[in-house]
Structure formats: C-alpha cells, structure tokens
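Welcome! Have a look at the structure first, then try each task before reading on.

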Amino acid sequence: MQKVFLQCCILACSLVFSGCSAMQVALTKKDLNVQTKMSDTIFMDLENQKGKKVYVDFRNTSGKTLNLQNMVVDSIIARDYEVVSSPSSANYIMQVNVLSCEMTDPAAIEKTLGMGYAGTALTGAATGVLIGTATHSSYGMATGGLVGGLAGGAAEMVAGSLVKDVTYALITDVQVIEKTSKAKHTHRTRLASYANKVNLKYEEAQMPLEQAMANSIAGIF
C-alpha cells in the first residue's frame, strides 16, 4: 500500500513539473525569434574595387519552393549595386545555393555551420540524419542538396504535452568571386537563418527566414 502511495506521489509530481515546464516554454517562446549566423566572414577589397555590378547565379536544391532569389536581388539593389545578366560584365559573381529549409534543432545548426561552405549536410536530428552530397560547377558551387529528411522529432515536445519548442532553419552556401583592379578573389561562406517559436508552423517561418537570409547575403557587399 505504501509503495502504491509513493508511486502516486511521484506521478503527481511529474505531472506538476511537466505542466510547469510546458507553461515556461509557452511563455518564453511565444514570439517568433529569427536569427542568422555565418560560418566565415567575408571582407571585400575596398581599395581595388572596379565597380558595383553583380551577377547572381541562384540555385535551390532544397526541394522547397522559395522566393529567396527575388529577395536577394532586391536587397542587393537596395544597397546601390546593379544586378546584371552577364557574368562577364560583372564586377562580382555571386553564387547562391539553398541546401535546406527544414525543421531542425540548434545543435544541428551549429554543426552544419561548423562544416562551412560545401560541407556535408545537417546532422543531429532527434530521429534521423541528413546526408549531404555535393557536386560542383565551374566556380565550385555545391549543387547537390540534402538527402533524406528531418522527422518531427526535431521539435521538442515538452513532457508529452501539446507545447512544442520548434525551430526551422534555412541553410545556404554562398560564393563570391570579386574582380579587382589587381586580381580575382574568391570568398566562400555558409549561412544559417533560423526561426524559433512555440508550436511554430513552416508557413509562418518561411517568409521571415527568407527575408533574414536575403538581408544577410546582400550585407556581404
């Protein structure tokens, strides 16, 4: 009888604590939080710039329909650069490849950033692993995507409740070939824009992720 009573007490305490945990997550993560990180900082040659014409080569191997290309172009133009249709007439050749736009977790984001440009894909999902493959164009841009998928386990369900701590991440590789008065310089980096909110849906996260990524890519100039 005493054993049964003890078990009931433990169960009751667990329910109380789980309820408190769910409430804390619901309160602290009720607002959408969007951030962007870059694997490597890019510095342009300010003394030997030839002009402000940019050619954008955009690829999307994520499997998702995105408006990121238009956002990137608009953001570059807003910084007083001219986007041209021919790489030969450009002072900068920017190549962008969207690798992934999926539900994930913070540990996976840090890991893929640590791999840097053209590294392997997101790893560390709660119930699976994304395996990355990459092929390269004449400029070395990764055109392979992410193979596999992140399962719903990437969203942390707090103590079995309906409160989920959800993170979506947009992962992009960027290469910039800079034509200066002296030589050409190639810069490479990987960017991760991620959105976090309790019970976050992809439809709510997509546009803020794209806008944050576009601003960061254009901010290279």
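Helices (H or I, at least four residues) and strands (E, at least two) are DSSP runs, numbered from the N terminus. The model is predicted, so local features need pLDDT of at least 70 and side-chain atom pairs count only at pLDDT 80 or more, while totals for chains, interfaces and linings use all residues. Residues are numbered from 1 along each chain as its sequence is written, and side-chain values use heavy atoms, with hydrogens and water left out.

**Exercise 1. Find the elements and their order.**

Step 1: count. The protein has 4 helices and 9 strands.

Step 2: read from the N terminus. The order is α-β-β-α-β-β-α-β-β-β-β-β-α.

Step 3: look at contacts (heavy atoms within 4.5 Å). Among contacts with a separation of 6 or more, 77% join residues 24 or more positions apart.

**Exercise 2. Check the length of helix α4 and find what covers it.**

Step 1: work out the expected span, which is 1.5 Å times one less than the number of residues. Helix α4 (residues 202-218) has 17 residues and should span 24 Å; its end C-alpha atoms are 24 Å apart, so the two agree.

Step 2: list the buried residues. Buried means under 20% relative accessible area, exposed over 50%, and partly exposed in between (1.4 Å probe, protein chains only). In α4 the buried residues include Y202, A205, L209, M213 and I217.

Step 3: recall the helix geometry. An α-helix has 3.6 residues a turn, so residues three or four places apart point the same way.

Step 4: see what lies over them. The cover of the buried α4 residues includes β1 (33-38), α2 (68-78), β4 (92-104), β8 (164-179) and β9 (184-198).

**Exercise 3. Describe the nonpolar cores.**

Step 1: A nonpolar core is a set of buried Ala, Val, Leu, Ile, Met, Phe, Trp, Tyr and Cys residues joined through side-chain atoms within 4.5 Å.

Step 2: take the largest core. This core has 34 residues, and L68, I76 and M94 have the most contacts inside it. Two or more residues each come from β2, α2, β4, β8, β9 and α4. The largest share, 7 residues, is given by α4.

Step 3: follow one residue. Leaving out residues up to four places away in sequence, I76 touches V54, V56, Y81, V83, M94, A218 and F221.

**Exercise 4. Which rings join Y81 in a cluster?**

Step 1: apply the rule. Rings of Phe, Tyr and Trp (its six-membered ring) pair if their centres lie within 6.5 Å; planes under 30 degrees apart count as stacked, over 60 as edge-to-face and the rest as tilted. The count comes to 4 aromatic pairs.

Step 2: classify one pair. Y81 and Y92 are edge-to-face, at 6.1 Å centre to centre with 70 degrees between the planes. Y81 is in the loop between α2 and β3 (82-84), and Y92 is in strand β4, 11 residues apart.

Step 3: Y81 is buried because its relative accessible area is 12%, and Y92 counts as buried at 1%.

Step 4: complete the cluster. Ring pairs link Y81, Y92 and F221.

Step 5: look for a charge over a ring (NZ of Lys or CZ of Arg within 6 Å of the ring centre and within 35 degrees of the ring normal). The charged end of K52 sits over the ring of Y81, 4.5 Å from its centre.
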